[in-house]
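Please look at the sequence and the model first.

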Amino acid sequence: MESQSAVIRLESLTKRYGRVMALDGLSMEVLPGEVLGFLGPNGAGKTTTLRLLMGYLRPTAGSAQVRGLDSWRDRVAVHARTGYLPGDLRLWPRLSTRAIAGHLARLRGHDHDLDTADLAKRLDVDLDRPVGELSKGNRQKAGVLLALAGDPDVLLLDEPTSGLDPLVQQEFHRVLRERVEAGAAVLLSSHVLSEVERVADRVAIIRSGRLLMLESLAGLRERARHTVEVRFGTPPPPGAFTGVPGITDVRLDGCLLRCSMQGVVDPLIKALGKYHVVDLNSHEEDLEDTFVALYGEVTSQ
Amino acid sequence: MSAVTAARAGASRRAEIGLQALRGGRRALAIWAAAFAGLIAMYAAFWPSIRDNNQWRELFDTLPQAYRAMFTASGTLNLSTPAGYLGIELMGILGPALIAIYAITAGSAAIAGEEAAGGLEVTLSAPISRGLVLAQRFTAVVVNIAVLMTVTGITLGIFSALMDMRLGEAAIASAVTALGLFGIFAGAVAIAAGAATGSAAAARGLAALAAVASYLINGLAQVTSALRPVRPLSPFYLLLGNEPLAHGLRVTGALAVLAVAVVLILCGGILFARRDLH
């Protein structure tokens with residue numbers, strides 16, 4: 001990975017509150033033109049990471065950088081090209097989305113009424129009702145619009161699709177893809193893998209403030225486990241499939257073998273070749289299960 | 001875009017936080033302005049009956065000095081003149097208390113209140129420094145206080161003419177300036193404490209404490225010699241201790257209080273820029 005071109009860079013980023021370690025030496029990068037899905041259970045440190053990137057929190061150690069600018073020291077410059085959606089979105093209840101978008105546009109020194117109107121249409125946002133009167137989902141849409149307005153080339157989105165209906169989610173993902181194809185870098189946090197699966201190019205998984213793994217979606221899929229079911233003509237001897245590489249949870253029940261498989265299929269095929277196979281079934285467990293397995297525990301969702 | 005319009009756009013961009021604060025505070029400001037005008041009208045309406053009743057003054061003169069000190073900023077009293085009468089009623093307690101309440105409410109909401117409500121995170125996602133946000137919100141509070149005091153002064157002028165109170169324009173201007181500066185002092189404590197700590201409760205508490213302490217020090221210093229040396233440290237004394245409606249504004253005292261307010265805002269700004277948002 002070319003470090004020079006990274007848009008978002010975390011270097012041993014650490015945040016401690018008293019004795020509580022919220023973030024423990026997190027290092028990762030987001031490149032231009034990619035969506036990095038940022039996954040983890042609630043309380044893993046995702047929101048803390050995004051707030052450190054916005055310069056709202058001072059790192060205990062390490063640094064967060066956006067386009068080579070330090071998030072804490074140069075936060076004003078960082079904000080100039082960054083769109084941010086807070087995880088706990090609370091807007092001024094008496095103002096309409098249009099009024100808030102206008103306020104933020106003026107603070108950014110440009111006028112993006114057209115942009116706002118286009119986004120409002122695509123995301124189905126009611127621009128003129130006070131946000132206090134909107135449902136939670138509609139308020140979330142307003143927040144997404146505000147983060148995307150003005151075409152920032154860095155997007156920090158904390159659980160953007162929570163509360164959005166599937167159609168709007170789809171459109172939101174389309175907008176994201178367009179932005180990414182134009183070169184934007186996106187860090188998108190979520191605690192649901194299925195969402196990240198749809199938009200992310202790479203996935204970072206954190207737990208308890210530490211990076212568990214960081215890899216491409218394709219890599220994550222490779223890690224995905226398959227459930228294999230094999231029916232034999234005659235029962236193989238017990239223990240015939242123990243110790244086959246990549247195979248776990250072996251249950252041999254007469255003529256029926258059930259097991260989990262991860263990685264390359266070849267060792268299993270070779271092992272099966274010694275016996276008379278009547279039927280073979282294999283299906284991929286979904287990434288959600290892989291994700292849960294990686295956690296070693298069930299996430300809060 | 002010409003250089004002039006570009007510069008104007010730049011200026012309005014930098015003032016946007018303050019303008020937004022003024023737009024958002026208009027309704028509350030109108031209610032407060034009506035309250036101040038109503039208060040003046042009420043006091044003015046009582047004036048003829050006070051003026052014609054010498055027993056009031058005799059009663060007041062029999063009160064202990066400690067008691068009188070709490071009701072008047074200077075401890076002296078002349079109920080036979082409009083300035084003396086309003087000096088007790090308007091300038092002694094209720095005026096400073098009301099403007100302080102307004103300033104503390106607006107000041108604690110400016111940073112800490114918005115932070116608790118969640119809006120600050122949205123405001124600060126824009127490319128604008130925390131210090132500039134603080135400075136503009138403070139300026140908006142100052143402007144609103146100036147509007148309130150202008151309304152108060154104009155109302156006072158109108159009723160002075162209607163009720164034949166013969167308050168001079170300079171006297172009225174001095175009085176509302178002194179009141180307004182007291183509000184600015186209390187508001188500055190609230191904004192600075194809120195910006196430094198992020199707690200609206202701390203902002204309100206500290207500002208109320210500062211306002212009440214400055215009032216009590218001024219009052220008690222008149223009866224307790226131990227407190228006399230610290231009386232000049234009281235903004236209440238510096239602004240209102242000489243009865244500005246009767247004797248004019250003490251410019252040095254006024255400037256000193258204003259300087260304290262500015263220093264508080266600067267300190268609040270420094271601490272605000274260095275702390276974590278909640």
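In chain A, residues 24 or more positions apart account for 68% of the contacts with a separation of 6 or more. The model is a predicted one. Chain A holds 10 helices and 14 strands. Its C-alpha atoms fill a box of roughly 75 × 40 × 35 Å along the principal axes. Of the 301 residues of chain A, 40% count as buried.

**Strands**

An open sheet in chain A is formed by 4 strands in the order E2-E1-E4-E5, with antiparallel pairing. Strand E2 (20-30) and strand E5 (69-70) of chain A are the edge strands, as each pairs on one side only. Strand E1 (residues 8-17) of chain A pairs with E2(A) over 7 bridges, in the antiparallel sense. Within this pair, A:Arg9 has A:Glu29 in E2(A) as its bridge partner. Helix H1 (residues 46-53) of chain A lies across E1, E2 and strand E4 (61-66) of chain A. The direction of H1(A) is at about 115° to E1(A).

Strand E3 (residues 34-39) of chain A is mostly covered, with 5 of its 6 residues buried. E3(A) is joined to strand E8 (residues 185-190) of chain A and to strand E9 (residues 202-207) of chain A.

| Strand pair | Bridges | Sense | A residue and its partner |
|---|---|---|---|
| E1(A) and E2(A) | 7 bridges | antiparallel | A:Arg9 and A:Glu29 |
| E3(A) and E8(A) | 6 bridges | parallel | A:Glu34 and A:Ala185 |

**Two packed helices**

Two packed helices are described by the angle between their axes and the distance between the axes. Helix H3 (97-108) of chain A and helix H5 (residues 136-148) of chain A pack at an angle of about 25°, with their axes 10 Å apart. Angles under 35 degrees count as roughly parallel, and H3(A) and H5(A) are therefore roughly parallel to each other. The crossing in which H3(A) passes H5(A) is right-handed.

On the H3(A) side, the residues that meet H5(A) are A:Thr97, A:Ile100, A:Ala101 and A:Leu104. On the H5(A) side they are A:Ala142, A:Leu145 and A:Leu146. By class, this contact of H3(A) with H5(A) has 6 nonpolar residues, 1 polar residue and no charged residues.

One of these residues, A:Leu146, is found in helix H5 of chain A. Is A:Leu146 buried or exposed? A residue is buried if 20 or more other C-beta atoms lie within 10 Å of its own. A:Leu146 has 27 C-beta neighbours inside 10 Å, so A:Leu146 counts as buried. Leaving out residues up to four places away in sequence, A:Leu146 touches A:Ile100, A:Ala101 and A:Leu104. A:Thr116 is 30 residues from A:Leu146 along the chain, and their C-alpha atoms are separated by 8.1 Å.

**Contact between the chains**

How many residues does each chain bring to the contact? Chain A gives 19 residues and chain B gives 16 residues. Helix H2 (75-80) and helix H3 (97-108) of chain A each supply at least two residues of the side of chain A that touches chain B. H3(A) gives the most to this side, with 5 residues. The residues on the side of chain A that touches chain B divide into 11 nonpolar, 3 polar and 5 charged.

Methods: Residues are numbered from 1 along each chain as its sequence is written. Chains are lettered from A and ligands numbered from 1 in the order in which they are written. This is a predicted model: local features need pLDDT of at least 70, side-chain atom pairs count only at pLDDT 80 or more; totals for chains, interfaces and linings use all residues. Two residues are in contact if their C-beta atoms, placed from the backbone, lie within 7 Å. Ala, Val, Leu, Ile, Met, Phe, Trp, Tyr, Cys and Pro count as nonpolar, Asp, Glu, Lys and Arg as charged, and the others, Gly among them, as polar. Axes are lines fitted to C-alpha atoms, for helices over the stretch in contact, and angles run from 0 to 180 degrees between N-to-C directions. Angles under 35 degrees count as roughly parallel, over 145 as roughly antiparallel, 65 to 115 as roughly perpendicular and the rest as oblique. A crossing is left-handed if the near helix is turned anticlockwise from the far one by less than a right angle, and right-handed if clockwise. A residue is buried if 20 or more other C-beta atoms lie within 10 Å of its own, exposed if 12 or fewer, and partly exposed in between; C-beta atoms are placed from the backbone. Two strands pair if DSSP finds at least two bridges between them.
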